[in-house]
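Subject: Structure handover

Hi,

Here is the structure we discussed. My notes follow below it.

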Amino acid sequence: MSLFLRIVFYSALAGTVTSTIYCGMVLIAACRFARRKRREERTPPNFLPPVSVLKPLHGSEPDLEENLKRFFELDYPEYELLFCARHSSDAGLQMAQRVAANYPAVRAKFLTCGEPRFPNAKMWSMATLAEAAAYRTLVTSDADARVTPDYLRRCVRELADPQRELASCLYVGRTTGGLAAQLDAVGKSVEMSGGIFVADMIEGGTHFALGVSMILRREAFEMAGGYEDLGQYYAEDFVLGQRLAAKGCGVRMANYVVRLMVLPQGFRESFRDQLRWMKSTRRSRPAGHLGTGLTYAVPFGLLGLAWAVPAGHPLVGLLWLLATCVNRWVMAAVVLWALEDEQAGKPTLIYPLRDLLGFAVWIASYAGDTMQYHGGAYSLGVGGRFVPVERKRKPGSEKLPGGKLPDAPARGK
């Protein structure tokens, strides 16, 4: 066997071993979460403080109207809904107002915050929403979150422990789009949740948060550095949870699982969005992100096949690839079972393809830090902090006030 084939073989073998170990850890951690979830849900919720639900909006999207309706149909004694967009003409804000007209008994407020003054536009809206909230207990929810009537009852109970300042929700991806959107959705369901299950098991709890839906007290934002400072980070939810955990405050993943509506995008747009998130993860948890490469299975199965064919063992290569696919099918099935996903069939079936795509996004995440976000160009600094990128100007293109070009320098000087 040539040296090159030896390198390919041992690389494939090492990746297969590490991804199999990781799969085993995910299975144990997922079962652990499922037991906790079912045990705690047997106790009726009796902690029902009044709640302010904060929903930042920015434009419309295909599933927005149905997502908004669900929040007006919540089964909870006392709550208010607050919506915020940059301008009153925002299509999402106007849609929320139309939906609210059909539910006059639900208290709703509609706010505008103007153009953001710090990079994270969502955090800019959140500052306006939190300041306008009537109640101390806050529940934040993204526009793409879809919930059931018992959402608040099952989420707010997470703050019954006075030592706990923050809880956030896992999610199951849903989409009406094609294959690209479906792969993105199952990645959000399995890849994300599997990693969180393992982190929770190994670290004795989660020391970060997921921003799709969070449950917290109003003062938590200030305890974590304030709106403006949090607004300097792309993954403000991660930073918020990390800082609160560092202060000894209780941070936890709630038992409730949100349905996250994934945009029906094509491969190019979907890959771009996933890459932006993956770059943020690389900056937020650099060591953990580096190790993520060894948790994928199918790429190493393909590498095993690439070794086996020229080595004269094609059947071994095919069985190797099949084994890594089985690895991913089992992992997806167990994670989706733990999350109580009632539509787990097709997502489980296509997960090996998602595993391969996830590996490609992971590799691409190391190709620079520049990203486009809400019309601006940024790179991500330490911890995922936004760093504005100045666009280079062509020589002689600078203009003086009034639009005039500067005088050309004299030759020879």
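Helix α13 (residues 314-338) has 25 residues and spans 37 Å from first C-alpha to last. That is close to the 36 Å expected at 1.5 Å a residue, counting one less than the number of residues. Helices here are DSSP runs of H or I with at least four residues, and strands are E runs of at least two, numbered from the N terminus.

This is a predicted model: local features need pLDDT of at least 70, side-chain atom pairs count only at pLDDT 80 or more, and totals for chains, interfaces and linings use all residues. Residues are numbered from 1 along each chain as its sequence is written, and side-chain values use heavy atoms, without hydrogens or water.

α13 packs against helix α14 (residues 345-364) at about 125 degrees, axes 8 Å apart. The contact (heavy atoms within 4.5 Å) includes W329 and L336 of α13, and Y351 and P352 of α14. After α13 comes E340, with a positive phi near 60 degrees.

**Strand β4**

Five of the five residues of β4 (residues 137-141) are buried, so the strand is largely enclosed by the rest of the structure. Buried means under 20% relative accessible area, with a 1.4 Å probe and protein chains only. Both faces are covered: T137, V139 and S141 on one side, L138 and T140 on the other.

β4 pairs (at least two DSSP bridges) with two strands. Four bridges join β4 to β1 (residues 51-56), running parallel. There, V53 sits opposite V139. Five bridges join β4 to β7 (residues 213-217), running antiparallel. S141 has S213 as its bridge partner in β7.

Best wishes

Technical notes:
Buried < 20%, exposed > 50% of the residue type's maximum accessible area, 1.4 Å probe, protein only. Axes fitted to C-alpha atoms, helices over the stretch in contact; angles between N-to-C directions.
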